[in-house]
Amino acid sequence: QLSTSQPSPERVPSPEEQEWAGPEALCPGWLEDEAPDGEVPGHSGDPDGATHAYERLQSALCQEGLPPTLDCSAEPRTGFGPLDMTVCILGSPTPFLPVLLEGGTRCPDAMVLCLSPTWASRVPSETSPGAWTLLLSRGVSFKAGGHSALETFAPPRRANYVTGTFAPGDPEGGWVGELARDLDCPTGGSVPLAHRLQDALVARWVLAAGANLPVPPTLAFVLGTRGDLPAQPAAPGVRLVRLQDPQGQQSLVQEEVGAFLGGAAMEPYGQVGTGGVGGTG
């Protein structure tokens, strides 16, 4: 934030100082001693991670040679209706930066990055019973030429399409998945879908058994029941061996590996050694 006091009348704030949207703009009130409800804010000064995510965005923009984000949050934007296009990106800015920049060039102001769960809310959908509408009260919008602006929306802006960082283990994965759950607009993923796509065995099983698509010859050892891998229908090209006690089933593992490497499915691959064995715990 800019200070009203200056060391001399000749000093003029730099463009970086004028454009930098500091923590107070990202999380209003976080610098105060007490929050409005009487609870003391967290010691980190960044209770919802917005400031850290914003700094990552500024670093990424700088590396691309683009201008820093302009802070326009003091003057809320109005006039957005249900028919206005709003493509909302939830979570980490880094994976989606090329999409945000290209979208800002082709459809200025349509791409909005949401860096915090406090910037959005869910309300019951008026058009789809049982679903939810995602409303944005704050976001970073992208414009032509790689320009971006931190903005507030009054009334909140309705999202028409939502995607984000649903990857398991991602720091933002929890709140991103929750905000994107059961929306009345198209979404670009979900936490359960990310889990399935990142599991190579599940992905091959779905492709082979569900879509009847060819997959590389696969031998997989799994522990327990793995209910997400049903015994039927069979997945062509995927050999699944369930182990109850791997320490006491070494001979079974050796037999299965030998049969797999010596089978007809592996003949086109020649000498693959142990590299042709797929396994999962």
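Leu90 touches Cys114, Leu134, Val162, Thr163, Gly164, Thr165, Trp175, Val176, Leu179 and Ala180, leaving aside residues up to four places away in sequence; contact here means heavy atoms within 4.5 Å. This is a predicted model, in which local features need pLDDT of at least 70 and side-chain atom pairs count only at pLDDT 80 or more, while totals for chains, interfaces and linings use all residues. Residues are numbered from 1 along each chain as its sequence is written, and side-chain values use heavy atoms, without hydrogens and water.

Leu90, Leu134, Val140, Phe142 and Val162 have the most contacts inside the largest nonpolar core, which has 37 residues. Such a core is a set of buried Ala, Val, Leu, Ile, Met, Phe, Trp, Tyr and Cys residues joined through side-chain atoms within 4.5 Å. Buried means under 20% relative accessible area, exposed over 50%, and partly exposed in between (1.4 Å probe, protein chains only).

Cys114 is buried, at 0% relative accessible area. Its sulfur lies 5.2 Å from the closest cysteine sulfur, in Cys88, too far for a bond. The structure holds 0 disulfides (pairs of cysteine sulfur atoms within 2.5 Å).

Salt bridges number 9, each requiring a side-chain nitrogen of Lys or Arg within 4 Å of a carboxyl oxygen of Asp or Glu. Glu102 pairs with Arg106, with the closest N and O atoms 2.5 Å apart. Glu102 is partly exposed at 39%, whereas Arg106 is exposed at 64%. Asp109 and Lys143 form another salt bridge, at 2.3 Å between the closest N and O atoms. Shared partners join Arg77, Asp109, Lys143 and Glu151 into one network.
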